[in-house]
Amino acid sequence: MSFHHYKDIIEEGDLVLAFISRAAVKPITVTRGAVLNTRYGHYQHDNMIGLKYGEQMSGNKGYGFIHLLHPTPEIWTTSLSHRTQIVYTQDSSYIMQRLNVTSGTRVIEAGTGSASFSHSFARTIGNEGKLFTYEFHEPRFLEAKRELHEHGLENTLITHRDVCNNGFEIENIPSEFGPINGDVVFLDLPSPWTAIPHLDKVISKTSRVGICCFSPCIEQVEKAVKALQADGWINIEMVEVSGKRWEARKDMVRDISDVVKRLKDIQSRKNQGIENRRQVKVDSQSGEKRDHDEVDEDDKPKFQNSDKGYNPFGKGTRIREGDDIYNWRDVTKVESEIKSHTSYLTFAHKIPITKN
Ligand code: SAM
């Protein structure tokens, strides 16, 4: 299994992205004897072996189902274990096309973080390209190194390094990676302006180089822009990508008789409250102070609402969306929370200086 190549049949040891629901995708390594337990049933790994990627699988007890998806960077991003904030597909896809990242591109990335974007870069540049990614937090570096190796992303060289203080140059670089000569730089760091001055030593001297600094605060953008200008980067532009997912759902259609019924219901509850209070007052004045619970069945107000269950507008009764006994219309709704690490994207380019 690799993020580079598609395979058809699931084998022991393969990574499967178990699609449980749109909000829950669980990465699993298929292991004999293991069971995936979800709120929608239990799934034996043994039964996954031999199935096709993309297939639907039923739960052990005959209820529930999941889909067994082949890994892609886009789905991996929604399922990986977060060690840091990550770059989501709305941003990564835009950055990728803006910087013209393609098969064979040599990319410099810092920091690696949870390696969400690293997976996208590594897949897009293919075996012809190279990704040089840097992380200074040792546990994160080790975790990302293991993950990139397990996922077959051998076009990626991860380095444990503080790039802001020590730059990007690598000693004893494996021969298959060659000199860094980056065509594209991506900085997702708290202080990119301290890393920018180190870039000249590792970027291409023969082709146009693109950079993107990914920063959540405008103050970081200001400082990054100054550092880029000071170092001769041109075409500096900042953009923000805000993606929204639209949901389709049903909205209950209420007619005038529902409204009348609801108003009568409110009025009768109000009258009932007034009557109860009046009864307590009369009892206490006549010396017969009774606990409210002691009221005889026959003494209870006669106009108590017997139709409590009906209440399409108020609280209490739960109505299933699309229930046939009500009228519905199809509507759309914007997802309230945007699942992305919304940041400012500062782009720039550097053109090599040709000496005559
Ligand atoms: N883009 C990553 C992803 O999609 O998973 C997330 C990057 S995370 C927001 C930022 C990372 O930069 C952190 O893991 C942090 O440890 C690392 N970092 C911060 N300063 C650094 C430095 N000077 N050198 C190398 N890595 C650094």
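The questions and answers below walk through a predicted model of a protein, from its overall make-up to single residues.

Me: How many helices and strands does the protein have?
Reply: Buried residues make up 27% of the 356 residues in this predicted protein. Among contacts with a separation of 6 or more, 66% are between residues 24 or more positions apart. Its secondary structure comes to eight helices and 15 strands.

Me: Which strands stand at the edges of the open sheet of seven strands?
Reply: The order in this sheet is β9-β8-β7-β10-β11-β15-β12, and the pairing is mixed.

Me: Which strands does helix α7 touch?
Reply: Helix α4 (residues 138–150) lies across β8 (130–135) and β9, and runs at about 165 degrees to β9. Helix α7, made of residues 218–230, also packs on the sheet, and its direction makes about 5 degrees with that of β15 (344–350). The strands that α7 touches are β11, β12 and β15.

Me: Which residues come nearest to the ligand?
Reply: The shell around the ligand has eleven nonpolar, seven polar and four charged residues. At least two residues of this shell are supplied by each of α3 (116–125), β8 and α5 (163–166). Of the 22 residues around the ligand, those that come nearest are Gly-111, Gly-113, Ser-114, Ser-116 and Phe-136.

Me: What is the omega of the cis peptide bond that joins Ala-110 and Gly-111?
Reply: Gly-111 has its place in the loop between β7 (106–110) and α3, and it is among the residues that come nearest to the ligand. The bond that joins Ala-110 to Gly-111 is cis, with an omega of about -15 degrees.

Me: Ala-115 and Asn-172 each have a positive phi without being glycine; is each of them buried or exposed?
Reply: Ala-115, with a phi of about 60 degrees, is found in the loop between β7 and α3, while Asn-172, with a phi near 50 degrees, lies in the loop between α5 and β10. A residue counts as buried if 20 or more other C-beta atoms lie within 10 Å of its own, and as exposed if there are 12 or fewer. Ala-115 has 31 such atoms and is therefore buried, whereas Asn-172 has 5 and is therefore exposed.

Me: How many of the ten residues of α3 are buried?
Reply: The buried residues of α3 include Ser-116, Phe-117, His-119 and Arg-123. The helix is followed by Gly-126, whose phi is positive, near 65 degrees. Since α3 is described as mostly covered, the number of its buried residues is nine.

Me: What distance separates the C-alpha atoms of His-4 and Gly-126?
Reply: His-4 has its place in the segment before β1 (15–21), and is partly exposed, with 14 other C-beta atoms within 10 Å. Apart from its neighbours within four places in sequence, His-4 is in contact with Arg-123, Gly-126, Asn-127 and Gly-152. Although His-4 and Gly-126 are 122 residues apart along the chain, the separation of their C-alpha atoms is 7.0 Å.

How values were computed. Residues numbered from 1 in each chain as written. Predicted model: local features only at pLDDT ≥ 70, side-chain atom pairs only at ≥ 80, totals over all residues. Pairing = 2+ DSSP bridges. Helix = DSSP H or I, 4+ residues; strand = E, 2+ residues; numbered from the N terminus. Contact = placed C-beta atoms within 7 Å. Axes fitted to C-alpha atoms, helices over the stretch in contact; angles between N-to-C directions. Near = placed C-beta within 6 Å. Nonpolar A, V, L, I, M, F, W, Y, C, P; charged D, E, K, R; others polar.
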